Amino acid sequence: MYIVTGISRGLGKAIVSQLLEAGETVLGIGRSHDFSHPNFSFLSCDFRNNEAVHNLKIDLPEGPITLINNAGVIGTIQRISDQKSLDTQEVMQVNVIAPMVLLHKVYRQVSDPSNFTLVNISSGAANRAIPSWANYCASKAALNMLTETFYLEEKEKENYPKVYAIAPGVVDTDMQVQIRAASETDFSSVENFREMKLTNSLYSPDLAANKMLTLLKQPFSGLVFQDLRSI
Ligand code: NAP
């Protein structure tokens with residue numbers, strides 16, 4: 001079974017569509033969805049609500065389990081000192097804490113660690129400070145560190161789950177719409193993102209999902225950090 005978060009649109013929706021087309025069973029988690037398929041079930045949860053994430057009841061079937069922590073927010077695109085109301089807590093809750101709570105909840109139920117795959121959807125912004133994206137960059141850097149540390153901890157215990165933090169590239173989703181809509185005053189790099197759209201340089205959600213699922217079919221090489229642009 002695949003457990004996928006943030007499936008209402010964008011990359012998450014494309015991932016679930018392709019998994020269902022391939023005959024896989026999917027449990028979606030998020031605020032909404034528009035799937036109707038016998039192999040699909042859904043748990044409603046707003047990841048801003050930490051208690052709701054903790055309270056999720058996830059029953060695992062026998063067999064391989066893949067958790068894809070995809071849901072994410074960019075947050076307010078503005079320099080920290082210009083933000084009227086700082087949204088660090090919300091960005092960290094959705095992008096870091098919810099994925100870790102889900103990992104903890106799911107992995108502790110898994111009977112055979114070698115049958116478990118973790119995919120945390122990261123970003124190139126984890127390794128590059130981008131002015132006006134402080135919370136987002138910090139959240140993805142934290143997610144990368146948590147992912148790698150989890151991998152190393154399990155190796156110490158001689159458990160061998162497959163563990164990935166995957167940067168999907170620049171993907172043509174609502175998140176990019178939000179990025180391109182930022183003002184030049186607030187976001188110095190906005191023109192680069194507008195240019196990428198004009199020159200058709202973004203991955204479609206379907207292409208990014210396909211590259212990611214192709215990667216997951218390969219034997220795990222031990223490389224936790226993956227960038228779909230180099231695949
Ligand atoms: P998107 O189109 O904005 O979709 C984000 C998804 O996350 C939606 O399904 C959304 O559901 C869900 N989500 C947001 N806030 C939530 C909350 N409070 N509770 C539950 N679900 C919530 O973004 P995307 O581009 O597909 O992003 C998917 C992942 O890729 C994210 O982790 C993002 O950081 C990462 N990423 C994207 C790009 C890119 O260029 N697009 C680049 C690098 C990394 P609702 O409809 O309920 O809001």
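Predicted model: local features only at pLDDT ≥ 70, side-chain atom pairs only at ≥ 80, totals over all residues.
Which polar side-chain atom lies 2.8 Å from an oxygen atom of the ligand?

1. The side chain in question belongs to Q176, a polar atom of which is placed 2.8 Å from a ligand oxygen atom. Backbone atoms also approach the ligand. In N70, a polar backbone atom is 2.7 Å from an oxygen atom of the ligand, while a backbone N or O atom of F47 lies 2.9 Å from a ligand nitrogen atom.

2. The surroundings of the ligand comprise 29 residues. The closest of these are S8, R9, R31, Y136 and T173.

3. Helix 3 (residues 88–107) packs against helix 4 (residues 134–156) at an angle of about 20°, and their axes are 8 Å apart. Angles under 35 degrees count as roughly parallel, and helix 3 and helix 4 are therefore described in that way. Their crossing is right-handed.

4. On the helix 3 side, the residues in contact include V91, M92, V96 and L103; on the helix 4 side, they include Y136, A142, L146 and F150. By class, this contact of helix 3 with helix 4 has 13 nonpolar, four polar and two charged residues.

5. Helix 1 (residues 10–21) and helix 7 (residues 205–217) pack with their axes 8 Å apart, at an angle of about 60°. Helix 1 passes helix 7 in a right-handed crossing.

6. Helix 1 contributes G10, L11, A14, I15, Q18 and L19 to the contact, and helix 7 contributes P205, D206, A208, A209, N210, M212 and L213. Classified by type, the residues in this contact of helix 1 with helix 7 are nine nonpolar, three polar and one charged.

Note on methods. Residues numbered from 1 in each chain as written. Heavy atoms only, no water. Axes fitted to C-alpha atoms, helices over the stretch in contact; angles between N-to-C directions. Helix = DSSP H or I, 4+ residues; strand = E, 2+ residues; numbered from the N terminus. Left-handed = near helix turned anticlockwise from the far one by under 90°. Contact = heavy atoms within 4.5 Å. Nonpolar A, V, L, I, M, F, W, Y, C, P; charged D, E, K, R; others polar. Near = heavy atom within 4 Å. Polar contact = N/O pair within 3.5 Å; in protein donor to acceptor, adjacent residues only side chain to side chain. Parallel < 35°, antiparallel > 145°, perpendicular 65-115°, else oblique.
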